Structure formats: structure tokens, C-alpha cells
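User: I am new to this structure. Please walk me through how to read some of its features.

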Amino acid sequence: ASFDTILAENAKARGATLKFGVRVRDFEIDDTGVTLTTDDESYGGRYLIDASVQHRFLATKQRAVLPYPDFGRAAVFTHFHEIRDEVWDGVIGPNFDIRIMMIEDGWIWVIPLAGKRLSVGVVSRRRGIKDEWLDEYISKSKRLSEWLRGARREEQTHIIANFSYRNAEAFGVRYACIGDAWCFLDPVFSSGANLALRSADSLCQHLIP
């Protein structure tokens, strides 16, 4: 949220107009420009830049989502709060190291978050992922169970499916997709912010003389 706020404030300071709480329903591109239709009104512009992250607005509209079958099919994860000091200092360390633990059909991520929290998730190539899989893998791992001992677990467990994909029509006349709207590899690689910023930078260099 802090990073998003910095980006939004910087965009406004450089002359951008931001609208919050607006959902785009449709779009139209012709020789003169682009029109976006929302629930309340329409907006026009010279170009359409799709930065809708995993909503992948254009890819969905154009039926252009192509999955990467060799990556993980789904992930189940939650957050653990109040990690013990000896675990935070000894395992995570000052560099906020991410831990990856290989399992037979995928891998487990352990990602440090602000406030001595850990995001713990399982990425699997198997179909039919369930909440229970996360508990099963934690209980099977003596090391992971020890790291999480005494921690407070969030009530909600999250499942994300079919997340590794690319947009087969990521650019065209008067439109382009950046970040997750262009492609997404896998949450364990944490590549989303990097790809978003690099693709946005590359696009701006082409659009702005």
C-alpha cells in the first residue's frame, strides 16, 4: 500500500489525473483513438495502456490468455504473525531472505513481511488444490513447523489458481499491456513489480519522443 501511494502521488505531481473506484466495462479502438466505457461515463485518449494486473482486462476481453503449463498450477497460502525473535533474526536475517523449500510436486515459499510476519505458501503442479494442503506440508516439515511454532496464524487461507500465463495479444494498434496484464510467472519468483516497472519504462520510451 505504501509503494502504491508513492506511485500514485508521483503520477499526480507530474500531471496525471487519477480516478479511484472506477471499473472499466468495455473499450473501443479506432483510427482516431481509444474510448473506455465505465458504469457512469466514457473516457477518450490516444492510447490504451492496460496495467490491470491479474485482472488482465484486455487479455480476457480478447480471449488471449495462454497458460504456462510447466509452471505451478495453483498456490495456497496464508500469513503468520508474531514470529519469534530467534527465528526472525536467525532465519530471516537483516537481508529479509526468502526461503524456498522443494517438495515432490512443487515448492513452498516462506517470504518475510513487515511487522515480523511470514507469508507461507505452497505452489503445486497438481490439480484440485485445497486449503488442507498447506497444513499437510507444514506438518510434514520439522524445520517449517519449528519456525512457525508459537506464531499467530491468520484465519483466512487463500487459493490462487491458473496464475502462470502470458497475453498472446499484449500489444497492437493504439494499445499495449504491461506488468501482470502482459504476463505472470509465479508468486515465488516475486517478479511482478520488476516486470511491471521495466515494461512501463520501456513503453514510455517508445510513446514519448
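User: Which residue is buried yet has no salt bridge?

Analyst: Arginine 56 is that residue. Buried means under 20% relative accessible area, exposed over 50%, and partly exposed in between, with a 1.4 Å probe and protein chains only as cover. A salt bridge needs a side-chain nitrogen of Lys or Arg within 4 Å of a carboxyl oxygen of Asp or Glu. Lys and Arg count as positive, Asp and Glu as negative; His and the chain ends are not counted. For arginine 56, the nearest side chain of opposite charge is aspartate 180, 8.7 Å away.

User: How should I treat the model and its numbering?

Analyst: This is a predicted model: local features need pLDDT of at least 70 and side-chain atom pairs pLDDT 80 or more, while totals for chains, interfaces and linings use all residues. Residues are numbered from 1 along each chain as its sequence is written, and side-chain values use heavy atoms, leaving out hydrogens and water.

User: Where is arginine 56 found, and what does it touch?

Analyst: Helices (H or I, at least four residues) and strands (E, at least two) are DSSP runs, numbered from the N terminus. Arginine 56 is in the loop between strand 4 (48-50) and helix 2 (57-61). Contact means heavy atoms within 4.5 Å. Not counting residues up to four places away in sequence, arginine 56 touches Asp50, Val65, Asn162, Tyr165 and Ala181.

User: In what order do the three strands of the open sheet run?

Analyst: Strands of a sheet pair through backbone hydrogen bonds, either parallel or antiparallel. Two strands count as paired if DSSP finds at least two bridges between them. Here the order is 5-12-15, with antiparallel pairing. Strand 5 (65-67) and strand 15 (183-184) stand at the edges with a single partner strand each, so one side of each has no neighbour in the sheet. Strand 12 (residues 165-167) is joined to strand 15 by two bridges. Arginine 166 stands opposite cysteine 183 in strand 15.

User: How many residues of strand 9 are buried?

Analyst: Seven of the eight residues in strand 9 (residues 117-124) are buried. Strand 9 pairs antiparallel with strand 6 over seven bridges. There, alanine 75 has valine 123 as its bridge partner. Strand 9 also pairs with strand 8 (residues 106-113), antiparallel, over eight bridges. In that pairing, proline 112 stands opposite leucine 118.

User: What lies between strand 8 and strand 9?

Analyst: Three residues lie between them, and the two strands form a hairpin. Glycine 115 in the turn has a positive phi of about 80°.

User: Which residues other than glycine have a positive phi?

Analyst: Glutamate 82 is one of them, with phi near 60°. It sits in the loop between strand 6 (74-81) and helix 3 (85-92). Phenylalanine 96 is another, at about 55°. Phenylalanine 96 lies in the loop between helix 3 and strand 7 (99-103). It is partly exposed, at 42% relative accessible area.

User: Which residues form a nonpolar patch on the surface?

Analyst: Patches take residues with over 30% relative accessible area and no salt bridge; like charges are joined within 9 Å, nonpolar side chains (Val, Leu, Ile, Met, Phe, Trp, Tyr) within 5 Å. Areas come from the Shrake-Rupley method with a 1.4 Å probe; for residues, only the protein chains shown count as cover. Phe3, Leu7 and Leu197 form the patch, with about 280 Å² of accessible area together. Leucine 7 lies in helix 1 (residues 2-13).
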